[in-house]
Amino acid sequence: MAITFGSVTPNSNTMSLTLTTQPLNNLITNHRTNFVFCGRSLGYGHTLSFSDQRVSSSFATVVCSAANKPSPSSDISSTAKIRSEVLSPFRSVRMFFYIAFVASGSLGAFIAITQLIGALANSSRATEVPEILKGLAIDIAAASLFAFLYFRENKAKNAQVARLSREESLSNLKLRVDEKKIIPMSSLRGIARLVICAGPASFVTESFKRSEPFTESLLDRGVLVVPLVTDGNSPAFEFEETGELATRRKRLWQLAPVYINEWSEWLDEQKKLAGVPSDSPVYLSLRMDGRVRGSGVGYPPWNALVAQLPSVKGMWTGLLDGMDGRVL
């Protein structure tokens with residue numbers, strides 16, 4: 001068997017791969033070659049095609065190509081659209097009536113214009129001109145108002161769907177709980193309030209130190225921290241305590257992001273939308289339902305989180321899960 005790798009074609013992002021198989025000493029007259037292509041990149045919008053061309057009874061050539069295409073993560077997911085409808089169930093109704101009122105006002109304005117032309121052309125109807133102009137002004141004003149309301153509602157809808165789509169992309173990112181368990185972030189919905197600390201190792205280490213006085217209170221409020229290191233170094237987590245306190249400190253910082261490139265891409269997109277420099281250390285605070293409740297440049301405000309978030313223990317467990325603050 002011979003394997004030949006082709007080069008990437010300029011400006012096309014296309015890679016060709018040729019595999020040639022030939023039976024040894026023609027001892028095998030009937031054979032079947034199975035090709036299994038596996039790789040993480042094929043799951044992100046890449047297409048794979050191959051053709052099998054028989055040159056002779058003992059010679060087979062398979063030509064494969066992989067071409068980059070836009071990632072489906074950039075598209076608005078159907079889940080985000082459904083969540084948008086659930087969060088704003090009457091928006092579609094309002095937009096329908098806005099369109100209906102715009103159409104009605106436009107039709108009235110058209111009729112008024114035809115009447116105005118007729119009145120201007122006939123001197124005997126000159127007395128009707130002021131009344132026609134009054135009706136025309138009302139129709140134009142009504143059509144303009146409802147057109148403005150429609151476009152404002154549509155803009156809010158698009159912004160909400162885009163935000164929900166980004167949150168869905170975030171929920172699909174992977175976290176390592178321990179050496180044997182990797183879960184998507186969506187698995188922690190309704191269980192924990194995540195705080196993402198993203199920045200160089202020194203920033204994450206300092207965030208770790210600043211959280212120490214609030215360890216108990218943060219855990220009581222269901223907070224878990226996701227340290228996302230962006231400079232490739234390892235943060236220095238030193239658990240100097242012993243006993244129960246050390247265990248709880250490790251629990252607060254037990255999560256670790258998996259596939260850092262995917263996390264970095266998502267984070268860079270958020271920074272670009274927010275107008276934040278790509279090298280700035282940031283934090284993101286998530287609600288219990290996985291939506292972003294707060295974010296900023298710099299260290300997480302641990303004391304503010306303790307003051308604002310309700311406890312997940314006691315008789316009010318479950319009733320105050322939504323009291324996480326407004327959604328950004």
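Among contacts in this protein between residues at least 6 apart in sequence, 67% join residues at least 24 apart. Keep in mind that what you are looking at is a predicted model. The protein has 328 residues, and 33% of them are buried. Its secondary structure comes to eight helices and 11 strands.

Now some examples of residues that are separated along the chain. Take Pro-200, which sits in the loop between strand 7, residues 193–199, and helix 4. Pro-200 and Val-229 are 29 residues apart in sequence, yet their C-alpha atoms are 5.3 Å apart in space. Leaving aside residues up to four places away in sequence, Pro-200 touches Val-229, Thr-230, Asp-231 and Pro-281.

Next, helix 4, residues 201–210. Which residues of helix 4 are buried? They are Ala-201, Phe-203, Val-204, Thr-205, Ser-207 and Phe-208. The elements covering them include strand 7, strand 8, helix 6, strand 10 at 282–286 and helix 8 at 302–308.

Helix 6 was in that list, and it can be looked at in turn. Helix 6 runs over residues 244–252, and its buried residues are Ala-246, Arg-248, Arg-249 and Leu-252. Why do these count as being on the same side of helix 6? Because they cover an arc of only 165 degrees around the axis. As background, an α-helix has 3.6 residues a turn, so residues three or four places apart point the same way. Among what covers the buried residues of helix 6 are helix 4, helix 5 at 215–220 and strand 8 at 223–229. Note that two of the buried residues in helix 6 are arginines, Arg-248 and Arg-249.

On to helix pairs. Helix 2 is residues 91–121, and Ala-100 is found in it. With 31% relative accessibility, Ala-100 counts as partly exposed. Ala-100 and Ala-147 are 47 residues apart along the chain, with 10.0 Å between their C-alpha atoms. Helix 2 packs with helix 3 at an angle of about 155 degrees, and the two axes are 8 Å apart. Angles over 145 degrees count as roughly antiparallel, so that is the description for helix 2 and helix 3. The crossing of helix 2 past helix 3 is left-handed. By class, the residues of this contact divide into 22 nonpolar, six polar and five charged.

Helix 3, residues 129–171, also meets helix 7, residues 260–274, where the axes come within 10 Å and cross at roughly 155 degrees. Helix 3 and helix 7 are therefore roughly antiparallel to each other, and helix 3 passes helix 7 in a left-handed crossing. Which residues make the contact? From helix 3 there are Arg-166, Ser-169 and Leu-170, and from helix 7 there are Trp-263, Trp-266, Glu-269, Gln-270 and Leu-273. Sorted by class, these are four nonpolar, two polar and two charged residues.

Tyr-259 lies in the loop between strand 9, residues 256–258, and helix 7. Its phi is near 60 degrees, which is a positive value in a residue other than glycine. Tyr-259 has 40% relative accessibility and counts as partly exposed.

Terms used:
Residues are numbered from 1 along each chain as its sequence is written. This is a predicted model: local features need pLDDT of at least 70, side-chain atom pairs count only at pLDDT 80 or more; totals for chains, interfaces and linings use all residues. Side-chain values use heavy atoms; hydrogens and water are left out. Axes are lines fitted to C-alpha atoms, for helices over the stretch in contact, and angles run from 0 to 180 degrees between N-to-C directions. Helices (H or I, at least four residues) and strands (E, at least two) are DSSP runs, numbered from the N terminus. Angles under 35 degrees count as roughly parallel, over 145 as roughly antiparallel, 65 to 115 as roughly perpendicular and the rest as oblique. A crossing is left-handed if the near helix is turned anticlockwise from the far one by less than a right angle, and right-handed if clockwise. Contact means heavy atoms within 4.5 Å. Ala, Val, Leu, Ile, Met, Phe, Trp, Tyr, Cys and Pro count as nonpolar, Asp, Glu, Lys and Arg as charged, and the others, Gly among them, as polar. Buried means under 20% relative accessible area, exposed over 50%, partly exposed in between (1.4 Å probe, protein chains only). The arc is that of the directions from the helix axis to the C-beta atoms.
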